Structure formats: structure tokens, C-alpha cells
Amino acid sequence: MPEPEKNSARFIDLIRRSRRGKFKIYIGMSAGVGKTYRMLQEAHTLLRNGVDVRIGYIETHGRKETEQLIAGLPLIPRRKLFYKGKELEELDVQAIINGHPEIVIIDELAHTNIEGSKNEKRWQDVMDVLDAGIHVISAVNIQHIESLNEEVKAITGIGVTERIPDNVLKQADEVVNIDLTADELVMRLKEGKIYAAEKIAQALNNFFQPDKILQLRELALTEVASQVERKIETELPKAPGRDERLMACISSNHEIAKMVIRKTARLASYYHSDWYVLYVQTEKERGDKIGLASQRHLINNFKLAVESGAEVIRVTNNNIARGIIETAEGRKITTICIGKPHLSLIKVILNTAVFNQMLNKLSEANIDIVILS
């Protein structure tokens, strides 16, 4: 049986198991690896097997071989709306729910919806569809995963604004990597299978350089391997051992807090563990004393934490170390994650007694402390 047929057979088996829709994500290291093409191949296979599968939203980017695969597949009309004087099209979530196909194909998972839509992001639309008991096949590039944002930016030099929370990946029943070598991807680009001719030279000089592709490929392979491992651990009997529970400690420092949240999210994903984000509010950071900008940043970081799968804990204590210790003991935390700038040499020297007290307490409770660079 060909690989697409095997994949489809496994997915057909999966989708019968619960009331909520099953969720399958194709993931790739970059544009042009063939995620949309593979989804459409699978749609044809499902259709041949008598499954009610329909296209909710597909973005072909003008690629001929992808456009050809749409022929013969039932389409759910997109929602048309005007924005800034232009007629645009969006996924019609209500039409999908009303039509209630068995499976729907929804591309561009990280897409930001037009203002006025029910949800801000397409991944939120997908959650609504899944909650309606409809199975979804979707796709995303590795650079759109929230906790990998800084790593991708360091590799490519490009900041990605459209991102999905890590928690979205965790909800997937299947995550499939669409893999190509750097040479294969560059060849597809040169053949005009990814971008129009006038964009090829620029792409080769920027994003599509072999060293960058290799690093992104490694990220994609590692992410999918982690998701497979998580699935094995949740579905097979677990051997006795220590259940990891991570806690990220953040302050009102916006950039450091974002970094700590993202890196702790990666660690939690690696250990497949529950995790928390703790903010200890001192008298100096009371709501009536902290600046509006800092308040806004805190709220945004709490939102980032929740979307990344964490539970946010807010406590009031003028002794930050004591607030951390009490929360860690109460929540049975195994590992505490803090940002390196929080423990500058001067602060450690000035608070040696408090710091030693915290380390002694954590040691007695068998709690590890990780200082994130």
C-alpha cells in the first residue's frame, strides 16, 4: 500500500474513537515542502474510501501541481467580506459546522483572521470545528510555533508574527513531518515550484540557504519526534518514576518574561509535563503603582503562558524568594525555571541570606532550579 494510503488508513481508524473531532497536523520546515499537496492527496484517498471529506480552506500559492489536485474535491464556499475597501475571503466556520462533513481540510493554521471575525486566529476556528465533532486535517510550518519563535529568528534573521501556541500541537492526535533535504528544497525553488520566477533569486539569497534549511529541518524533526514520544507516553502504561512539574518564575520585565515562558514551554514539551507560570507581586508592583505599559505586558505574557499550556499563578508577597518557595511546595513543583538576569551577581550578593535560604529549601524539597540564559 502506498504511503499516503497507509497514512489515510491510520487516520480513518483514529477518527472513530471519540465525540470531539480528531486533529491531524502536517508540519514542515518551510514553505514549499509539500504540506498542502500531501493534504490534498490524502483528501482524494479518503474520498475514494467513501469518507465525507471536504475542503474548508486551501491556499495553493499559485502552484500548478497543487491546484490540479483540487479538481474533484468537494469545496465549502469561503466567507466573503469587505475590509478596507477590498473583498476578501475567509474560512466559513459556520458553514462547515452546519454542513457537518466527517473530515474537513483547513490550511494555513497560523493565519490571522480579518478584523470583525469571530476568532482572531484560524487555529481558534479549528478548535470550534473540532468541538462540533468534525475531524480536521491542517498544516503549519515550524517557524509558526510560539516557543520556537526566538530560535527561528536567530536562524533566519526574520521575525514571524503569525504564530500558534504550543498547546495547539499538543491537542493534535497525529503530527506528520513533511521532510525534504536542503538540496531537494532548493531544487524545487529553482524549478519555480515554490515562488514566482521574479522571487527566486531573492529567496536563494535569504531564507533558502542550505545552512538555514538544515537548522530548520532539525527543528522540525525534533518537534515531531517530541510529539510522537508524548503520544506514546500518554497512550501506553507509564513506568513508575518522578512526575515532572515545572514552574516558570516571571517578573514584569516583558522581554525576559517572554523568554522564560517560551523556554519553559519547550522543557515542559520535552518532559510532557504539567507546568505553571508564577508571578510574585510585591508592594512596588501593585496595580495602582505599576505603569500601564508594564500592566499590559504582564497581561500579554499571562495570555502567552495560557496559550502555551501553562496555568498562571499570581501571589502577593514582598519576599519574592518566600513566595516562590511556598508556591513550589504547595504545587509539588519538581523544577523551577528563572531568567538569568533575575540573578545578577549584585542581586545575589545583596540577598545572599535570602538566596541561600531559597536554595536550602529547594534542596530539602528535592526541587531543581534551572537558570535560563
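Reply: A definition comes before the helices: axes are lines fitted to C-alpha atoms, for helices over the stretch in contact, and angles run from 0 to 180 degrees between N-to-C directions. Helices (H or I, at least four residues) and strands (E, at least two) are DSSP runs, numbered from the N terminus. This is a predicted model, in which local features need pLDDT of at least 70 and side-chain atom pairs count only at pLDDT 80 or more, while totals for chains, interfaces and linings use all residues. Residues are numbered from 1 along each chain as its sequence is written, and side-chain values use heavy atoms, with hydrogens and water left out.

Me: OK, how many helices and strands are in the protein chain?
Reply: The protein chain has 15 helices and twelve strands. Of its 373 residues, 49% are buried, where buried means under 20% relative accessible area, exposed over 50% and partly exposed in between, with a 1.4 Å probe and protein chains only.

Me: At what angle do H11 and H12 pack?
Reply: Helix H11 (residues 254–271) packs with helix H12 (residues 292–307) at an angle of about 5 degrees, and their axes are 10 Å apart. The two helices H11 and H12 are therefore roughly parallel to each other; angles under 35 degrees count as roughly parallel, over 145 as roughly antiparallel, 65 to 115 as roughly perpendicular and the rest as oblique.

Me: Which residues make that contact?
Reply: From H11 there are His254, Ala257, Lys258 and Ile261, and from H12 there are His297, Asn301, Leu304 and Ala305, with contact meaning heavy atoms within 4.5 Å. By class, the contact of H11 with H12 has four nonpolar, three polar and one charged. Here Ala, Val, Leu, Ile, Met, Phe, Trp, Tyr, Cys and Pro count as nonpolar, Asp, Glu, Lys and Arg as charged, and the others, Gly among them, as polar.

Me: And H8 with H9, roughly parallel or roughly antiparallel?
Reply: The axes of helix H8 (residues 182–190) and H9 cross at roughly 155 degrees and come within 9 Å, so H8 and H9 are roughly antiparallel to each other. Val186, Leu189 and Lys190 in H8 meet Ile200, Ala203 and Leu204 in H9, and this contact of H8 with H9 has five nonpolar, no polar and one charged residues.

Me: Switching to serines: is serine 138 buried or exposed?
Reply: Serine 138, which lies in strand S6, counts as buried because its relative accessibility is 0%. Leaving aside neighbours within four places in sequence, serine 138 is in contact with residues including Phe23, Tyr26, Met39 and Leu109.

Me: Where does serine 269 lie?
Reply: Serine 269 lies in helix H11, and at 6% relative accessibility serine 269 counts as buried.
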